[in-house]
Amino acid sequence: MTMLLASLLSPSSPLPTTTTSSSTSPKAVRLAPAKPLAATLAAVAAAGILALSPATATAEAEAEFKVYYGTAASAANYGGYGGNASKKDAAEYVYEVPEGWKERLVSKVEKGTNGTDSEFFNPRKRSEREYLTFLAGFRALAPVGAVLDNLALSDVGLQDQIASADGVLSTERKDGGGQLYYEYEIAGAGAHSLISVTCARNKLYAHFVTAPNPEWSRDEAVLRRLHQSFKTVDLAGAPPASS
C-alpha cells in the first residue's frame with residue numbers, strides 16, 4: 001500500500017489515452033356484409049395485442065435498480081455499522097445496482113491491502129461486476145493518464161485488459177458542485193471496462209464496471225447506467241434518494 005501510495009502521488013510515465021428536444025339530409029347507406037363471429041373476435045384480439053404489447057414489452061425490458069450507499073470505512077472500522085447506525089447517513093459515495101445482482105462480502109484483509117470497499121456481481125456471470133476501491137491521503141487528482149496507469153499497479157486484471165486494448169478513451173467531467181471526475185473506457189480483447197475516479201475528503205475513489213465482451217454486448221445500456229450513477233456524497237447535504 002505504501003508503494004502504491006507513493007506511485008500515485010509521484011506517477012511515472014503516464015499511460016497514453018485519447019481525450020476525447022352541421023347536419024345534412026339523410027342519405028341511403030349500403031351496409032357491408034356482416035363478418036363471421038370468429039373473424040370479428042380475431043380482429044378484436046389482434047387490436048388488443050397491438051395496443052398492449054409495446055407498453056408490456058417496455059415494462060419488461062426496463063431493469064430495476066437500487067442505490068448502494070458506501071461508507072469507505074477503513075479496515076480498522078470494518079463492520080462498524082451495526083445496531084441503529086445508518087449507512088445512508090454515513091455514506092461517502094453512492095452508485096446504482098441492478099435488482100438481482102449479489103453483493104460480495106469484502107474481507108477486512110482485502111479492504112486493508114487493496115482498498116476494495118464494496119462489490120456486486122451478476123449471478124448469471126460472476127465476472128460481470130461493479131466495485132469500488134478507495135485510498136486515503138489524496139487531496140487532488142494527478143494527470144489523467146497517470147491515474148489510470150497507477151491504478152493498474154494493484155490490479156492484474158486491469159493491467160491485462162489495458163495491455164490487450166487497442167486504445168483507452170479518457171474524458172473529464174464536473175458534477176453540479178464542480179467536483180472533477182476522470183472517466184475511462186477500455187475495450188480489451190476479452191472484456192470491457194468503464195472506470196470513474198475522483199478525489200474528496202482526502203481520499204481517492206475509483207468505481208469500476210466491467211464485463212466479458214459477450215455480456216457487454218448484451219448489457220451495455222445497463223452497464224453504462226451503473227457507470228454514470230457513481231458520485232460522492234456532499235456531507236453538507238442529504239444523500240441522494242433511491243430512484
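I take buried as under 20% relative accessible area, exposed as over 50%, and partly exposed as in between, with a 1.4 Å probe and protein chains only. The model is predicted, so I use local features only at pLDDT of at least 70 and side-chain atom pairs only at pLDDT 80 or more, while totals for chains, interfaces and linings use all residues. Numbering runs from 1 along each chain as its sequence is written, and side-chain values use heavy atoms, without hydrogens and water.

Entry one, the loop. I looked up arginine 201 and found it in the loop between strand E9 (191–200) and strand E10 (203–212); strands (E, at least two residues) are DSSP runs numbered from the N terminus. Arginine 201 is partly exposed, at 29% relative accessible area. Its phi is positive, about 55 degrees, although it is not a glycine. Asparagine 202 lies in the loop between E9 and E10 and has a positive phi near 60 degrees. Asparagine 202 counts as partly exposed, at 44% relative accessibility.

Is glutamate 128 buried or exposed? I find it buried, with a relative accessible area of 0%. Glutamate 128 sits in strand E6 (residues 125–136). Its side chain makes a polar contact of 2.9 Å with that of asparagine 122; a polar contact is a pair of N or O atoms within 3.5 Å, where within protein one must be able to donate a hydrogen and the other to accept it, and residues adjacent in sequence count only if both atoms are side-chain atoms. Beyond four places in sequence, the residues in contact (heavy atoms within 4.5 Å) with glutamate 128 include Trp101, Phe121, Arg218 and Leu223.

Notes:
Helices (H or I, at least four residues) and strands (E, at least two) are DSSP runs, numbered from the N terminus.
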